[in-house]
Amino acid sequence: MHFSSCLCTLLVALVYQGTYLSAMDTVIGLYGETVEVPCNNGAPKPKDLFITKWKYDNGDLLTQLKDQDASVIATDQYKDRVSMAENSSLLIAAASLKDEKIFTCMVVAGADISEYPVKLLIHKAPTGVEITALAAELEIGKPTQLGQCSAPDSNPAANITWFKNKKHLVADGKGIIISSKVKVDEVTGLTTTSSTLQYTAEKGDTDALFTCGTLYALSSPVSFTVTYPTERVSLHVISKGPLMEGDNVTLKCKADGNPLPTSFNFHIQRKVVKVENSDSYTVTDVTRDSTGEYKCSIIDNAKMEDSKNITINYLDMSLSPSEKVMKSAGESLALNLQTDASGELRVSWTKDNGKLDKMPKFDKLTYSDSGKYEVVVTMGALIKKASFELVVEGIPVIRRLAKQRGEDGQHKVLTCEAEGSPKPTVAWSVNGTSADESPYVNGKISYKLTIVPTVNLTVVCTVSNELGQDTRAINVSTLFEEVRMDKQGSSDDSDTTKLVVGVIVGLLLATVVVGLAYWLYMKKSKQGSWKTGEKEDGSTEESKKLEEKIEEKLEENSQKVEV
């Protein structure tokens with residue numbers, strides 16, 4: 001008690017000497033936390049400090065003499081909540097809105113008394129930000145209360161802002177109307193701010209995200225189903241490529257309304273097909289007659305429609321003849337290719353898988369015309385094929401019969417070349433050591449026979465098929481005569497020629513000699529008869545006999561020449 005009375009006397013005396021009052025500072029503390037209220041804005045203590053005291057309007061809080069501990073003077077709510085920091089700051093624990101007051105720090109140093117008033121404000125962020133009372137859906141052009149954003153238990157009252165896709169929404173009194181209200185808790189003094197957004201949706205808001213927030217927090221985003229009537233219908237033809245006969249065509253009707261229409265009318269070649277709970281319809285096994293205009297529309301508005309022209313591609317082809325054809329060589333064959341298509345065609349021909357430059361023409365058939373012909377007609381992805389087999393027939397004909405000496409000189413090779421169809425077979429008039437034949441191509445074939453002739457002979461080649469036959473002969477000399485002539489340095493053909501020429505010359509000389517002898521004989525006979533007076537009849541008979549002998553001799557020589 002003595003210390004207190006002395007302190008009061010001292011303070012009164014100092015007041016009379018002079019008091020300094022500084023401008024007021026403001027400190028913001030957080031609700032529920034320990035608040036530090038600085039003395040003299042945290043300036044260092046004066047060297048001649050004597051006493052520091054904290055007070056407020058209702059009384060003193062605590063004092064501290066130099067080099068001593070602070071003493072709590074308060075007897076009210078601050079009795080157990082206040083303390084003094086090392087730097088003379090006032091510490092208030094468990095701050096509440098009731099602590100929003102003016103606290104004064106009084107400092108006595110030397111002969112001066114200074115007071116530093118500080119205004120304490122207590123702030124509290126909302127416990128959370130949330131959008132409630134959400135609209136079930138938004139309809140384009142219709143003002144709808146989108147939701148209510150709440151920021152409870154804050155101080156000061158929170159300012160709520162609305163966002164769409166992170167962009168600030170500003171009230172315009174038409175499409176965007178924002179209204180707010182603040183409610184104060186009677187016990188805590190804290191406020192709850194509520195903000196209501198009335199919004200008129202647009203089509204682009206279908207996937208929009210709406211949020212609301214304060215300075216301290218942001219709500220979770222919310223989105224809404226935006227409904228609007230159908231404004232446009234589009235018809236789509238589902239196909240992997242050009243439509244062909246026999247394809248299945250799927251029609252799909254799309255609308256831009258939300259919710260999407262679930263039922264449509266499909267107009268299929270002047271017939272209306274109603275489809276429910278689906279936006280598609282499939283036309284199966286289309287034909288060229290399916291070409292035309294197709295439409296779809298929504299059921300509740302027939303004017304809301306779309307159409308597409310669909311073309312079904314087709315390709316028809318016929319070929320005459322189209323099977324196996326039998327013809328005789330020299331005849332003609334008419335080909336007839338007819339096509340009908342929805343587009344430009346490409347035609348190609350092949351014979352026995354070999355490409356032809358153009359459509360074949362058969363004015364006069366030959367054996368080489370035989371074969372399998374195929375025509376391929378294409379139009380885009382469509383392909384049609386047709387074929388026929390042509391067989392050209394004819395009686396076989398021998399085109400060439402020849403002989404030649406073998407390379408070893410020990411045999412002769414006969415060649416019989418024939419042409420005909422069906423394939424001719426060969427028959428030789430003699431047997432050979434070996435027989436061979438060439439491939440049968442384009443009605444032509446060649447047969448060879450190897451022989452060793454020991455005498456001069458005539459060989460006959462006969463070719464035949466089911467239509468007829470042909471025969472040809474050739475003379476073949478012995479190898480002995482040819483070998484003898486070969487030794488004289490002549491070839492096979494020249495030896496034969498020389499042999500024949502020699503025989504002919506010999507026979508002619510013999511004939512001349514016989515004729516000359518006959519002439520001399522006749523001459524002498526006539527002279528003798530004239531001298532002796534004999535009749536000429538006997539001489540005539542003898543002459544006739546002699547002539548007959550000469551003719552026989554000449555005939556024999558002639559036969560030898562032929563061989």
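This report walks through the disulfides, nonpolar cores, aromatic pairs and cavities of the structure above.

The model is predicted, so local features need pLDDT of at least 70 and side-chain atom pairs count only at pLDDT 80 or more, while totals for chains, interfaces and linings use all residues. Residues are numbered from 1 along each chain as its sequence is written, and side-chain values use heavy atoms, with hydrogens and water left out.

## Disulfides

Let us start with the cysteines. A disulfide here is a pair of cysteine sulfur atoms within 2.5 Å, and by this rule there are 4 disulfides. Counting bonded cysteines along the chain, their pattern reads 1-2, 3-4, 5-6, 7-8.

| Disulfide | S to S distance | Torsion about S-S | Hand |
|---|---|---|---|
| Cys 149 and Cys 212 | 1.9 Å | 80° | right-handed |
| Cys 253 and Cys 296 | 2.0 Å | about 70° | right-handed |
| Cys 416 and Cys 461 | 2.1 Å | -95° | left-handed |

Strands (E, at least two residues) and helices (H or I, at least four) are DSSP runs, numbered from the N terminus.

The sulfur atoms of Cys 149 and Cys 212 are 1.9 Å apart in their disulfide. Because Cys 149 sits in strand β13 (residues 143-154) and Cys 212 in strand β18 (residues 210-213), the pair ties together parts that are 63 residues apart in sequence. Cys 149 and Cys 212 are both buried, where buried means under 20% relative accessible area, exposed over 50% and partly exposed in between (1.4 Å probe, protein chains only).

For Cys 253 and Cys 296, the torsion about the S-S bond is about 70°, so this disulfide is right-handed. Cys 253 belongs to strand β21 (residues 249-255) and Cys 296 to strand β25 (residues 292-298), so the link ties together parts 43 residues apart in sequence. Both cysteines, Cys 253 and Cys 296, are buried.

The link of Cys 416 and Cys 461 is left-handed, with -95° about the S-S bond. Here strand β34 (residues 412-421) holds Cys 416 and strand β38 (residues 457-465) holds Cys 461, so parts 45 residues apart in sequence are tied together. Cys 416 and Cys 461 are buried as well.

Asn 265 is a contact of one of these cysteines. Found in strand β22 (residues 263-268), Asn 265 is buried, with a relative accessible area of 16%. Leaving aside residues up to four places away in sequence, Asn 265 touches Cys 296 along with Val 272, Val 273, Lys 274, Lys 295, Ser 297 and Ile 299; contact means heavy atoms within 4.5 Å.

## Nonpolar cores

A nonpolar core is a set of buried Ala, Val, Leu, Ile, Met, Phe, Trp, Tyr and Cys residues joined through side-chain atoms within 4.5 Å. The largest has 25 residues, and those with the most contacts inside it are Trp 54, Leu 61, Leu 90 and Phe 103. Elements giving two or more residues to this core include β4 (49-56), β5 (59-65), β9 (102-109) and β10 (112-123). Strand β10 gives the most, with 4 residues.

Leu 90 touches Trp 54, Leu 61 and Phe 103, and its other contacts include Val 35, Val 37, Leu 62 and Val 82, not counting residues up to four places away in sequence. Apart from this core lies another, of 22 residues, among them Ile 160, Trp 162, Tyr 199 and Cys 212.

## Aromatic pairs

A pair of aromatic rings is described by the distance of the centres and the angle of the planes. Rings of Phe, Tyr and Trp (its six-membered ring) pair if their centres lie within 6.5 Å; planes under 30 degrees apart count as stacked, over 60 as edge-to-face and the rest as tilted. The structure holds 8 such pairs.

Tyr 56 and Phe 103 form a tilted pair, 6.0 Å centre to centre with 40° between the planes. Tyr 56 lies in strand β4 and Phe 103 in strand β9, so the pair ties together parts 47 residues apart in sequence. Both Tyr 56 and Phe 103 are buried.

Tyr 78 and Phe 103 make an edge-to-face pair, 5.9 Å centre to centre with 85° between the planes. Tyr 56, Tyr 78 and Phe 103 form one aromatic cluster.

## Cavities

On a 1 Å grid over the protein atoms alone, a cavity is a set of points where a 1.4 Å probe fits but cannot get out, and lining residues have an atom within 4 Å of a point. Points are joined across faces, edges and corners, and a volume is the space filled by probe spheres set on the points. There are 2 cavities of 30 Å³ or more.

Technical notes. 1 Å grid on protein atoms, 1.4 Å probe; cavity = no way out; pocket = protein on both sides within 12 Å on 5 of 7 lines; lining within 4 Å.
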